[in-house]
Amino acid sequence: MNKTLEHLQHAFEAPLKSPVLIFALVLFIILLSPILLRPIRIPGIIGLIISGVVIGPHGLNWLEKNSAVDLFSTIGLLYIMFIAGLELDMNEFKKTKHKSIWFGFFTFIIPIAIGFPVCHYILGYGILSSLLIASMFATHTLVSYPIVNSYGISKNEAVAITIGGTILTDTAVLIILAVISGATQGTINQEFWVTLGVSFAVFLFIMFGIIPRIAKWFFEKVESEKTANYIFVLAVVFFAAFMAEMAGLEPIIGAFVAGLALNKLIPHSSALMNRIEFIGNAIFIPFFLISVGMIVDVSVLTHGPTALIVAFTLTIVAVAGKYLAAWITQLVFKYSKQQRNVIFGLSSAHAAATLAVIMVGHRNGLIDDNVLNGTILLILVTCIISTIVTENASKKMIMAGDQDEHHYSEVNEKDEQLMIPIANLSNMEPILDFATLIKSKKSPHPISVVSVVKDDFQAEKNMATARKNLDNTVKYASGSETEVEIMAPVDINIASGISHTAQEIMANCLILGWPQETSFVEKIVGEKTESILNRTDANLFMCRFDKPFISHKSIICFVPSLAESELGFGYWMEKMLKLAQELSIPMKFVCNSRTQLEVEKYLEEESVSVPVSYENYEDWDNIYGLSAYAEENALLAFVSSRSGEVSYRDSLDGLAKRIGRYYKERNLILIFPSRLPNEHIDAYEDVKAAPIFRKLSREIGNMFSKDKI
């Protein structure tokens with residue numbers, strides 16, 4: 001008994017030695033600290049730092065700094081900077097680049113202009129130390145961005161320029177950090193600048209000229225190997241960090257640049273992005289934040305007034321600098337008071353980048369414990385101020401009527417319901433990925449995946465197969481944390497089952513696989529796809545994805561005349577633009593001049609950030625001419641129409657078969673906009689008498705034109 005007690009006492013002796021116990025303790029902290037601090041509205045980042053202070057060498061001394069803690073801490077620091085580069089919306093930046101550049105300049109130079117003299121002349125720090133601390137004031141983290149998103153003002157110009165300014169100010173601060181780090185290792189002379197310039201240029205060439213090409217090739221070739229994709233991304237991050245170190249820069253600059261380099265290749269709603277964020281937010285980043293807390297020595301605050309004065313001064317300067325930058329931006333661009341407060345709220349929080357800069361300075365001996373402790377207080381105060389100011393300003397903007405509005409789409413984003421009817425598993429994964437990319441983030445409804453079982457003598461056997469297919473779909477969807485609801489209705493035929501289920505769940509959009517070749521008799525009497533079109537009113541996307549999305553350089557959308565008059569015009573426009581934004585690629589519309597005006601009006605009203613171009617095409621009775629605009633490496637989207645609708649014309653008849661034959665091994669989307677409900681063909685009938693002769697003549701014609709559109 002005594003031996004057991006001694007063993008336990010030895011195991012729990014501070015500081016802890018057992019790697020298993022240390023890891024268990026850290027996991028419990030990661031789990032519990034955000035939960036315990038949530039009721040008093042303290043940000044999770046602060047909870048983890050405070051936990052590190054409590055268990056660290058200057059607290060209870062349960063955990064000491066060792067090689068394992070340093071390793072995880074380094075990984076977490078690099079991970080923070082990598083995700084910061086990966087999550088930036090480059091399209092949004094390009095859209096408002098001029099105003100973003102000015103705001104980025106203001107929010108960078110003003111905090112430094114205030115911070116440097118305060119640190120150098122009032123607090124008495126050296127030139128390099130003062131410059132580093134001042135540059136820390138210039139950084140900001142978009143901690144409160146989820147607030148503006150939830151209030152529906154994320155498309156407001158004030159929000160867009162703040163996001164753009166983040167790219168510029170963080171990049172500029174990291175360049176200053178590179179110079180200061182280099183200066184600490186030697187003198188700043190002509191040789192220093194030449195060496196830094198050349199090594200930096202070589203580093204950027206490798207990161208932006210070579211790495212994206214390798215990454216694109218890798219993602220295309222091993223698309224199905226999900227684990228390999230994540231490992232590849234992780235390898236790129238650490239390779240970039242090492243390359244930066246070799247170039248005389250800080251490793252965090254390499255991680256940030258790696259995020260920018262892979263930005264276009266990893267869609268924000270993809271399964272890969274979900275894995276990157278999940279593992280980082282679950283393990284690596286919390287580990288880093290706890291290790292930051294372990295460095296903090298609270299007892300310094302009791303040694304005299306100096307530590308408190310430094311902490312108070314840093315916080316005042318940080319808040320004042322960001323407020324002045326927002327105020328000057330308001331004056332220059334004539335923004336409202338609420339817009340200024342939103343800019344200030346979003347840009348006032350200091351977190352990830354601030355910690356990164358301060359940790360590098362502390363490690364190089366440029367920053368003392370007073371500044372380190374003061375920075376932790378600064379992070380706590382600015383995160384709280386940012387959250388409160390952003391929320392209040394967002395509410396006032398809503399009351400002033402500045403909320404994002406959607407005049408075109410007949411579907412409320414919060415009510416959106418997507419439905420995917422599946423027949424086989426071969427094309428399920430890319431279609432589910434497509435649905436995940438275009439689905440509204442505001443919709444609480446899961447994606448409905450439906451496998452209709454035909455009511456015949458094999459119904460029981462078919463039901464078992466359907467259930468197995470649906471279970472595999474759920475398994476795949478869980479990889480990107482996509483919520484799916486599986487259904488296996490029994491009906492007299494496939495089209496009827498899909499129609500009834502779509503009506504039952506009030507689906508706004510159906511996403512189907514590409515129609516397979518059917519027999520001559522089936523083509524004449526009534527195909528499955530055409531029956532589904534006849535029986536439903538919802539928007540319908542027919543998809544063929546033979547290549548990974550990463551292979552596309554643009555989306556080309558062929559829009560027939562009068563398509564802007566269809567009920568579903570706004571819906572499919574929103575979805576295709578969302579796809580382009582997720583894939584970070586431009587979009588081209590091939591349409592006539594009247595449709596172009598309506599598209600331009602939509603883009604202006606919805607404040608779309610995707611780069612858009614146009615090609616004029618007037619002769620929509622001649623579909624053959626469209627092939628001249630189908631660029632290589634472009635995803636092709638054809639807008640069609642149901643028979644009898646405003647934009648319908650005979651040239652759109654049988655478009656799926658014709659473009660499917662002509663554009664082999666190309667990714668295709670065929671769009672049928674929604675229509676107002678009307679009386680359809682009887683549920684038990686698959687034959688329309690009137691169009692049967694037209695169908696017969698069309699199929700006979702197709703036999704003699706296999707290679708034409």
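The model is predicted, so local features need pLDDT of at least 70 and side-chain atom pairs count only at pLDDT 80 or more, while totals for chains, interfaces and linings use all residues. Residues are numbered from 1 along each chain as its sequence is written, and side-chain values use heavy atoms, with hydrogens and water left out.

Let's start with charges. The whole structure has 10 salt bridges, meaning a side-chain nitrogen of Lys or Arg within 4 Å of a carboxyl oxygen of Asp or Glu. One of them joins Lys99 and Glu157, at 2.6 Å from N to O. Lys99 sits in helix H6 and Glu157 in helix H9, 58 residues apart; helices here are DSSP runs of H or I with at least four residues, strands are E runs with at least two, and both are numbered from the N terminus.

Next, Arg675 meets Asp537 at 3.2 Å, N to O. Both lie in loops, so the pair ties together parts 138 residues apart in sequence. Is Arg675 buried or exposed? Arg675 is buried, at 8% relative accessible area (buried is under 20%, exposed over 50%, partly exposed in between, with a 1.4 Å probe and protein chains only).

Which residues line the second largest cavity? They are Phe558, Pro560, Trp620, Ile623, Leu626, Phe638, Val639, Leu652 and Leu655. A cavity is a set of points on a 1 Å grid over the protein atoms alone where a 1.4 Å probe fits but cannot get out, and lining residues have an atom within 4 Å of a point.

Terms used:
On a 1 Å grid over the protein atoms alone, a cavity is a set of points where a 1.4 Å probe fits but cannot get out, and a pocket is an open set with protein on both sides within 12 Å along at least five of seven lines; lining residues have an atom within 4 Å of a point.
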